[in-house]
Amino acid sequence: MPPGSEVKASSTRSPAFIMKGTFSLRNPRVSNPSSVPASFPAPAHPLRIGLIGFGTVGSSVARILIEDAPAGLQLAAVANRNVARKRTDWVPSSVLWTDHAEDMFAREAGIDVFVELVGGLEPASGWVRSALTAGRSVVTANKKLIAFHGPELESLARHNGCHLLFGAAVAGGIPVIPGIEHGLSGDRITRVEGILNGTCNFILSAMESGADYATVLADAQHRGYAEADPTEDVAGYDARAKLAILMRLAMRVHVHPEQIEARPITTVSAVDFAYAAELDSTIRQIARAEQTSAGLAAVVSPMLIPRQSPLAWSTGTENMVVTCGTHGGEVVFSGHGAGGHPTAVAVVSDLVNLAHGLGRIPGESFPAQVTIEPAVPHYIRFLVRDRPGIVASIAGALAAESININAILQKPGCCADRLPFVVTVEPCRTSALRRALEAIEQMDFVLEKPLDMQILKK
Ligand SMILES: NC(=O)c1ccc[n+]([C@@H]2O[C@H](COP(=O)([O-])OP(=O)(O)OC[C@H]3O[C@@H](n4cnc5c(N)ncnc54)[C@H](OP(=O)(O)O)[C@@H]3O)[C@@H](O)[C@H]2O)c1
């Protein structure tokens with residue numbers, strides 16, 4: 001077993017295995033156990049690598065390629081805007097530094113493989129297209145690019161006889177993508193769910209320990225976990241791009257990320273954690289997709305997670321992905337989902353595969369629509385000005401949509417002028433609940449929009 005990793009035995013009730021921590025660079029077993037010789041010889045000629053983007057991940061990739069390079073990989077060039085600021089003395093003088101990524105596409109530059117670590121759609125997509133069109137493979141960690149343009153770029157790579165690898169695009173250093181593409185290709189995966197955004201997990205797990213949202217967000221920004229504008233993370237857009245990628249690889253369905261409903265974590269407050277604890281649960285941002293005979297469901301949202309669920313174990317910036325296959329049951333991947341070094345390990349592992357002639361397992365995906373809302377139990381937190389008859393009014397609005405109340409929770413000692421209380425309801429469709437809540441919002445005692453969250457089953 002590689003250092004830093006842990007494989008737990010399965011039991012009848014627990015998932016099949018758990019991969020925890022990041023994996024050694026020199027252990028490609030997760031990607032393809034049978035096709036890598038034990039001695040792992042160096043290829044005849046090293047792959048000359050052109051790195052575009054020398055930021056958090058790019059500089060970590062360069063560090064590995066210079067200080068601990070696996071056989072067959074050679075950093076040849078680095079491109080970044082205003083590159084003079086980025087030059088460091090630990091990069092050998094043989095490496096070309098340039099302001100213009102385009103310089104590296106010239107044949108004379110002798111670049112075999114491009115590593116795109118700038119992020120975003122433009123200009124990254126133009127560079128990736130140019131490289132693939134010229135028949136040169138690309139490794140990227142850019143989830144947005146892969147979520148929005150993955151199928152088209154993969155087909156361009158196939159057409160030009162090269163590869164597009166993106167093992168770092170989901171869950172950073174955790175080998176979820178190679179695990180799904182190689183280790184689970186023999187199963188029919190029908191459900192993927194997980195914690196795909198480390199920033200939201202950091203915020204929600206700190207709130208669970210008593211911190212308030214604004215303080216913990218400022219702390220996350222100070223530590224470099226959250227952007228100055230955290231919208232992509234906290235609104236769920238980052239997680240839904242990653243979910244769209246996992247759905248394509250695991251479930252073979254290609255959905256546009258914007259089809260996936262994304263709900264923000266900003267509406268969750270301290271009182272929700274107090275009520276969640278009463279329900280022996282906690283709250284996490286969950287990305288979840290499921291394929292049933294009735295159709296395809298997908299959502300990213302804060303959800304109530306029972307404490308016994310593996311998803312409740314994940315704290316700080318950790319990520320976790322649970323897949324469920326028809327034949328193999330549940331498999332859980334967990335570990336560091338972000339950060340320069342863990343993510344760089346995934347990028348370099350893709351490069352090792354390329355150096356040894358191992359691309360991705362070709363798999364077709366089919367355009368699909370998110371068509372169903374599974375009936376699930378919900379947690380609804382109201383903030384009201386107390387008066388007699390409130391529960392009866394709420395129960396009436398829910399009953400009008402055929403929604404059954406499961407429990408009502410009210411903590412003692414709250415101010416009657418701003419009284420938070422919780423109603424949990426039996427499995428119902430989100431659209432029916434939305435209609436009921438729209439009716440309740442019009443009632444005179446309601447002080448703010450009620451918060452509703454799915455309750456994930458044990
Ligand atoms: N950080 C993580 O933990 C993590 C995890 C998984 C995946 N990823 C993905 O990895 C990629 C890189 O992320 P990162 O965290 O390393 O980002 P980063 O620290 O912001 O680095 C991006 C680098 O690209 C440069 N750059 C930006 N726009 C450019 C342009 N138009 N031309 C040339 N250079 C440009 C930036 O230069 P300046 O210094 O001038 O801005 C910076 O050096 C992204 O796709 C991200 O989603 C990151």
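This is a short tour of one predicted model, stop by stop.

**Before you start.** Residues are numbered from 1 along each chain, as its sequence is written. Because the model is predicted, local features need pLDDT of at least 70 and side-chain atom pairs count only at pLDDT 80 or more, while totals for chains, interfaces and linings use all residues.

**Stop 1: the ligand.** Select the ligand and the 21 residues around it; Gly53, Gly55, Gly119, Ala141 and Ala338 come nearest. (A residue is near a molecule if its C-beta atom, placed from the backbone, lies within 6 Å of it.) Which helix gives the largest share of this shell? Helix H1 (residues 56-67) does, with three residues. Helices here are DSSP runs of H or I, at least four residues, and strands are runs of E, at least two, numbered from the N terminus.

**Stop 2: H1 and its partner.** Axes are lines fitted to C-alpha atoms over the stretch in contact, and angles run from 0 to 180 degrees between N-to-C directions. Residues of the contact include Val57 and Ile64 of H1, and Ala344 and Val348 of H10. Two residues are in contact if their C-beta atoms, placed from the backbone, lie within 7 Å.

**Stop 3: a sheet.** Now colour the open sheet of four strands, ordered S18-S19-S17-S20 with antiparallel pairing. Strands pair if DSSP finds at least two bridges between them. Strand S17 (residues 376-384) and strand S19 (residues 419-428) are joined by eight bridges. Look for Leu383, opposite Pro420 in S19. Finally, select helix H11 (residues 390-400), which packs on the sheet and touches S17, S18 and S19.

Key: A residue is near a molecule or strand if its C-beta atom, placed from the backbone, lies within 6 Å of it.
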